[in-house]
Amino acid sequence: MTNPLPAWSALQTHYEQIRNDKLRDWFAPANDPAPTRAERFTYSGGGLAADFSKNRITDATLKLLVQLAHEAGVEQRRDAMFAGEIVNPTEGRAALHTALRATEPNAPFHAQIVAEKAKMAKFADAVRSGAWTGYTGKRIRHIVNIGIGGSDLGPKMVVHALQHLESPEISSHFVSNVDGADLWRTIEHIDPEETLAIIVSKTFTTLETMTNARSMRDWFVKHGCPESALAKHFVGVSANPAEVVKFGIAEENVFEMWDWVGGRYSLWSAVGLSIMIAIGPQQFDELLAGAHDMDEHFRTAPLDKNLPVLLGMIGVWYRNFFGSQSYLVAPYSEALHYLPSYLQQLEMESNGKQARLDGQFVDYATSAITWGEPGTNGQHAFFQMLHQGTTIVPIDFIAVLTPEHPLADHHPKLLANCFAQSEALMLGRTEEEARKIAGPDKPELVPHIMFPGNRPTTTLLVDALTARSLGALIALYEHKVLVQASVWDINPFDQWGVELGKILGKVVEADLTASTGDVKAHDSSTSALIAKARAALKR
């Protein structure tokens with residue numbers, strides 16, 4: 001791996017110097033004079049706190065990582081994004097998701113954003129109050145959001161996380177997969193007379209979304225809704241309003257998204273209409289306010305005290321110097337169940353790139369594989385590998401200090417597990433400690449109950465899971481992506497890798513559904529698969 005920046009070379013030398021050092025030793029009283037290591041490596045911003053002390057870093061490491069961020073132009077890329085400059089050069093676009101939550105009247109597109117949000121609020125209030133009814137006059141009780149990728153993952157994650165704030169009169173459902181089971185499992189349990197479908201697609205031509213939308217429309221008609229009354233049950237969110245109207249949605253029920261907001265950054269826009277209906281316009285404003293809090297922290301805090309910068313640069317440290325292939329997000333909160341899935345798209349679709357901004361191919365690693373599962377579930381599944389496996393996986397633990405539910409006696413157990421896991425991963429268990437546990441009668445157990453420790457973790461602390469704190473948490477990871485993209489000199493705002501599969505999928509679908517014709521135009525494997533599937537579909 002090569003990088004011409006001086007700090008990169010200095011970090012490589014530094015890595016060789018500390019690569020075998022032990023976190024356990026760094027925390028030992030003899031090596032941890034006041035202020036303690038935990039105090040030195042804990043930072044706050046945007047209403048959140050992050051304890052970086054259980055990472056394999058020293059004061060010198062952080063200093064060099066911050067120097068690398070500065071040399072890589074993180075500040076310039078950040079400021080250009082906030083100013084609305086073209087930061088997505090392959091598509092010639094700005095990336096102004098931050099403008100969606102800005103409060104300053106001089107922010108880019110401010111009047112347009114305020115007007116669209118007011119339209120959303122008016123509609124959401126009508127649905128929530130029961131003023132908006134279906135074709136038989138019944139109030140709406142079921143919202144079905146039909147989208148995929150950023151049009152699904154963000155809204156679904158937020159609505160699930162803030163379910164404790166959701167209107168008791170309304171249930172939210174999310175359909176994304178073109179597999180008919182996804183839609184069927186939703187509609188077989190709801191009443192069409194009380195259902196509103198929100199179709200979310202930037203182009204309004206996305207295969208999965210439009211297939212589900214058409215099937216949903218057929219379901220309404222089959223259950224007695226006249227085609228002339230379908231407008232009572234459908235709204236659209238798109239950058240292509242003409243196509244929405246062509247589908248049959250009333251023009252006044254079309255909400256706008258813009259090409260200067262990427263799908264995976266779009267939950268703050270009309271893409272979040274299902275969120276606003278679920279939790280109400282005021283709480284939606286709180287979600288935006290939390291994101292804005294983190295925006296301001298990212299925009300103004302010094303790099304060495306800046307949460308997105310520190311989180312992003314520590315990720316670079318493991319990816320490019322330790323060679324870590326993946327990292328884990330472990331929220332100790334069932335409400336944040338879908339956060340790892342959301343971050344998979346945010347991080348890997350953004351930074352899973354092979355070409356630099358100048359068009360040359362990189363010769364260093366870019367995005368790590370992002371994965372995760374809520375605690376404590378993961379402890380009974382894959383944590384065995386994290387503790388004793390041969391692969392080091394950095395972990396982000398996320399702990400919510402105050403529960404959002406009334407079963408308060410569960411919460412100390414949850415937090416205890418979260419904090420104990422990070423401590424165990426850091427400390428490990430030495431051979432001497434293992435021998436004491438095994439005893440003189442079972443020395444053969446020693447290799448099996450030893451733990452190498454020295455496994456790095458970050459713990460993010462959230463006081464309570466509110467709309468505001470969730471907004472800040474999401475924005476933290478959004479800005480982490482930009483920090484890492486700046487260091488890797490890549491464009492985090494395009495997604496050309498998504499396109500090839502779509503193009504070939506249309507060709508394969510045509511061959512699958514054709515009644516006759518040669519299927520040998522593909523490679524031998526694909527041709528054989530198509531032939532077998534075509535035979536099965538004819539049964």
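At which residues does UniProt place the feature "active site"? The unreviewed entry in UniProt puts this feature at E349, H380 and K502; the positions follow the numbering used here, feature names are shortened, and such annotations may be inferred rather than shown by experiment. These residues are spread over 154 residues of sequence, and in space they are also spread, up to 37.0 Å between C-alpha atoms. E349 and K502 are included in the lining of the largest pocket.

Before I continue, a word on the model. It is a predicted model, in which local features need pLDDT of at least 70 and side-chain atom pairs count only at pLDDT 80 or more, while totals for chains, interfaces and linings use all residues. Residues are numbered from 1 along each chain as its sequence is written, and side-chain values use heavy atoms, with hydrogens and water left out.

I turn to the largest pocket. A pocket here is an open set of points on a 1 Å grid over the protein atoms alone, where a 1.4 Å probe fits, with protein on both sides within 12 Å along at least five of seven lines; lining residues have an atom within 4 Å of a point. The largest pocket holds about 1,200 Å³ of space. Its lining has 46 residues, and T206, Q495, V498, E499 and K502 are the closest to its centre. Helices α9 (207-222), α14 and α20 each supply at least two lining residues, helices being DSSP runs of H or I, at least four residues long, numbered from the N terminus. The most comes from α20, with 6 residues.

Next, the two annotated residues in that lining. E349 lies in helix α14, residues 339-351. E349 counts as partly exposed because its relative accessibility is 22%, the class between buried (under 20% relative accessible area) and exposed (over 50%), with a 1.4 Å probe and protein chains only. Residues up to four places away in sequence aside, E349 touches R264, Q344, D494, Q495 and V498, contact meaning heavy atoms within 4.5 Å. The side chains of E349 and R264 are joined by a polar contact of 2.9 Å, that is, a pair of N or O atoms within 3.5 Å, one able to donate a hydrogen and the other to accept it, where residues adjacent in sequence count only if both atoms are side-chain atoms. K502 lies in helix α20, residues 499-513, and is partly exposed at 42% relative accessibility.

Finally, N212 is found in helix α9. Is N212 buried or exposed? N212 is buried, because its relative accessible area is 2%.

Definitions and conventions:
Grid points are joined across faces, edges and corners, and a volume is the space filled by probe spheres set on the points.
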